[in-house]
Amino acid sequence: MSDISMLPADWSLRSRAKRIAIWMGWLALVALFVWCWQIMTETTIWAFVWDAPRQAQDIGGRMLPPEWGYLPELMQPLWDTLNIATLGTIGGVIMAVPVALLAARNTTPSATFLRPIALFIIVASRSINSLIWALLLVTIIGPGLLAGIIAIALRSIGFIGKLFYEAIEETDPKQIEAILATGAGPAQVLTYGVVPQVMPALWGISVFRWDINIRESAILGLVGAGGIGLKLNASMATLAWDQVAVILLLILATVVVSEWVSAVIRRTII
Amino acid sequence: MTAQYPTTWRRPHQIVPDRRLRIALQIGVLVYLALAFSTVEVNWQRVTEGMERGQRFIMGFLQPDFTSRWRDISQGLIESLTMTLTSTVVGVLISVPIGIGAARNLVPRPVYLVCRAIVAVSRSLQEVIVAIFLVAMFGFGPFAGFLTLTFATIGFIAKLLADDIEEIDETQAEAIRATGATWFQLLDYAIKPQIMPRLIGLSLYRLDINFRESAVIGIVGAGGIGATLNTSIDRYEYDSAGAILLIIIAIVMVAEYSSSYLRKFLQ
């Protein structure tokens with residue numbers, strides 16, 4: 001039956017048709033790329049592009065040495081930036097927890113009606129960047145910290161909500177069953193069955209988001225929502241590149257410290 | 001005398017077991033929150049004035065106006081979409097060698113350190129800040145946006161790719177090494193088959209992120225739909241702004257579903 005001469009002489013991973021299909025796929029991607037490239041560069045002024053290294057040198061030269069005397073003036077905006085991130089994260093968690101409970105398959109009261117709404121809130125919040133939220137909120141409630149805090153909070157709902165509802169769906173059903181067997185109502189099942197299981201996850205997610213929010217809140221000032229971004233905007237508007245250098249280094253240092261803090265906290269919790 | 005055992009059980013605190021430290025931490029957090037709240041000055045008069053605008057924005061979101069600004073919107077969308085695709089392709093092409101260089105098990109230590117440094121620089125700089133600089137250097141428009149997204153893609157893909165390569169099944173690599181294969185053959189036969197599905201998945205994910213980012217960097221002048229959105233909000237044309245936001249949400253949703261479908265299909 002198994003005649004060895006029936007088998008092909010050369011071994012190959014894929015059949016001929018499959019190989020051709022893969023090559024066609026790559027070809028289509030290259031064609032699409034070339035087409036997109038042409039549309040994108042239609043309005044590009046190449047003289048500016050060739051001039052870029054000189055511009056970079058010019059900006060770099062103006063940034064050095066950084067004007068360290070500017071540093072004390074930055075402490076207040078830095079404090080504001082930290083507050084935007086922290087209060088925004090807290091607001092985000094407060095709004096995200098009910099959304100996540102509605103979105104998780106095992107806790108949602110109505111899988112056909114409420115769950116899609118909760119999922120839409122999560123996707124909508126994640127697809128709009130905090131800078132866009134800030135842009136909108138500054139025109140609605142005016143420039144300042146509050147707009148930044150709300151922007152960060154609205155943006156955080158999607159991230160925290162998504163990770164948290166996945167954590168809820170991964171809870172151990174046995175523990176919930178045990179609570180149910182005692183005759184507990186839905187609220188009691190939630191507090192004694194679900195909450196203890198997901199609490200470490202919620203803390204971890206919140207701290208993780210806080211760390212991301214510090215980066216995001218650093219630039220919110222560009223559209224007027226308070227914090228160190230305001231100073232960045234002002235320094236760039238006056239072309240004070242030596243001040244810009246100080247601000248960027250300070251942001252970088254803050255981001256590194258916050259990343260370290262968040263890593264330490266998450267390690268102790270989980 | 002029998003020892004007094006507690007009759008009720010209390011769950012021990014797990015994160016901070018020491019009681020004094022725990023209370024100190026709690027007080028510290030409360031003090032911080034009180035201070036943080038006190039710095040938030042709210043101009044309630046401004047807020048009430050703004051409420052009317054907020055209402056108009058929500059109305060604009062519910063009754064989006066796609067038509068009157070359609071020329072600007074479609075222009076911005078085309079810029080965003082072309083920018084997204086080209087930057088992802090170029091970014092992935094550049095990040096593959098860097099990712100291989102940043103894998104500890106494949107390259108000598110100096111190469112590893114250089115590549116990891118590139119990854120760290122790319123990851124620590126915020127897209128918007130990079131965009132500001134590139135706009136200053138290359139002028140306004142989608143080309144600066146393309147460069148920004150490419151730069152951000154490199155850090156993302158190269159890091160995740162390098163981490164994946166470091167976690168591959170070493171026995172397969174050893175088997176190929178045992179045949180006397182060169183370094184490039186090792187890459188082609190032992191590493192590539194193991195990481196290719198992950199690389200495709202990561203690229204699709206990054207495509208999705210790049211589109212979202214392309215909607216933001218327009219605010220600082222790097223082209224794309226963000227520029228259109230910025231203009232329409234500045235002009236208080238909330239019905240057009242609502243339309244743009246709905247388009248962004250729709251594209252992100254389509255991208256998310258189609259990329260998860262595509263990943264399943266390719267694996």
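User: What should I know about the model before I start?

Analyst: It is a predicted model, in which local features need pLDDT of at least 70 and side-chain atom pairs count only at pLDDT 80 or more, whereas totals for chains, interfaces and linings use all residues. Residues are numbered from 1 along each chain as its sequence is written, chains are lettered from A and ligands numbered from 1 in the order in which they are written, and side-chain values use heavy atoms, with hydrogens and water left out.

User: How many helices and strands are in chain A?

Analyst: Chain A has 10 helices and 0 strands. Helices (H or I, at least four residues) and strands (E, at least two) are DSSP runs, numbered from the N terminus.

User: And what does the secondary structure of chain B come to?

Analyst: Chain B comes to 10 helices and 0 strands.

User: What is the radius of gyration of chain B?

Analyst: Chain B has 26 Å, while a compact globule of 267 residues would have a value near 18 Å. The radius of gyration is taken over C-alpha atoms, and the globule rule is 2.2 Å times the number of residues to the power 0.38.

User: How much of chain B is buried?

Analyst: Buried residues make up 46% of its 267 residues. Buried means under 20% relative accessible area, exposed over 50%, and partly exposed in between (1.4 Å probe, protein chains only). In chain A, 46% of the 270 residues are buried.

User: Now the interface. How many residues are in contact between the chains?

Analyst: On the chain B side 54 residues are in contact with 57 residues of chain A; contact means heavy atoms within 4.5 Å. The area buried between the two chains is about 5,000 Å², and carbon and sulfur atoms give 80% of that area. Buried area is the accessible area (1.4 Å probe) that two parts lose on being put together, summed over both.

User: Which three residues of chain B supply more of that area than any other three?

Analyst: They are B:Phe133, B:Met137 and B:Phe143, which supply 11% of the area that chain B buries against chain A. The residues on the side of chain B that touches chain A divide into 39 nonpolar, 9 polar and 6 charged. Here Ala, Val, Leu, Ile, Met, Phe, Trp, Tyr, Cys and Pro count as nonpolar, Asp, Glu, Lys and Arg as charged, and the others, Gly among them, as polar.

User: How many salt bridges are there between the chains?

Analyst: The count between chain B and chain A is 0 salt bridges. A salt bridge is a side-chain nitrogen of Lys or Arg within 4 Å of a carboxyl oxygen of Asp or Glu. Over all chains, the count comes to 13 salt bridges.

User: Where do B:Arg116 and B:Asp163 lie?

Analyst: B:Arg116 lies in helix 4 (residues 109-124) of chain B and B:Asp163 in helix 6 (residues 142-166), so their pairing ties together parts that are 47 residues apart in sequence. The two side chains meet in a salt bridge of 3.2 Å, N to O. B:Arg116 and B:Asp163 are also linked with B:Lys159 and B:Glu166 in a network of salt bridges.

User: What about B:Arg212 and B:Asp208, buried or exposed?

Analyst: Both B:Arg212 and B:Asp208 are buried. They form a salt bridge whose closest N and O atoms are 3.0 Å apart. Both lie in helix 8 (residues 183-217) of chain B, 4 residues apart, about one turn of the helix.

User: Back to chain A. Which residues of chain B does A:Gln55 contact?

Analyst: Leaving aside neighbours within four places in sequence, A:Gln55 is in contact with B:Ala136 and B:Met137. A:Gln55 is found in helix 2 (residues 46-63) of chain A. Because its relative accessible area is 23%, A:Gln55 counts as partly exposed.

User: And why does A:Ser125 count as buried?

Analyst: A:Ser125 counts as buried because its relative accessibility is 4%. A:Ser125 sits in helix 4 (residues 114-127) of chain A. Beyond residues up to four places away in sequence, A:Ser125 touches A:Trp133, A:Leu154, A:Arg155, A:Ile157 and A:Gly158.
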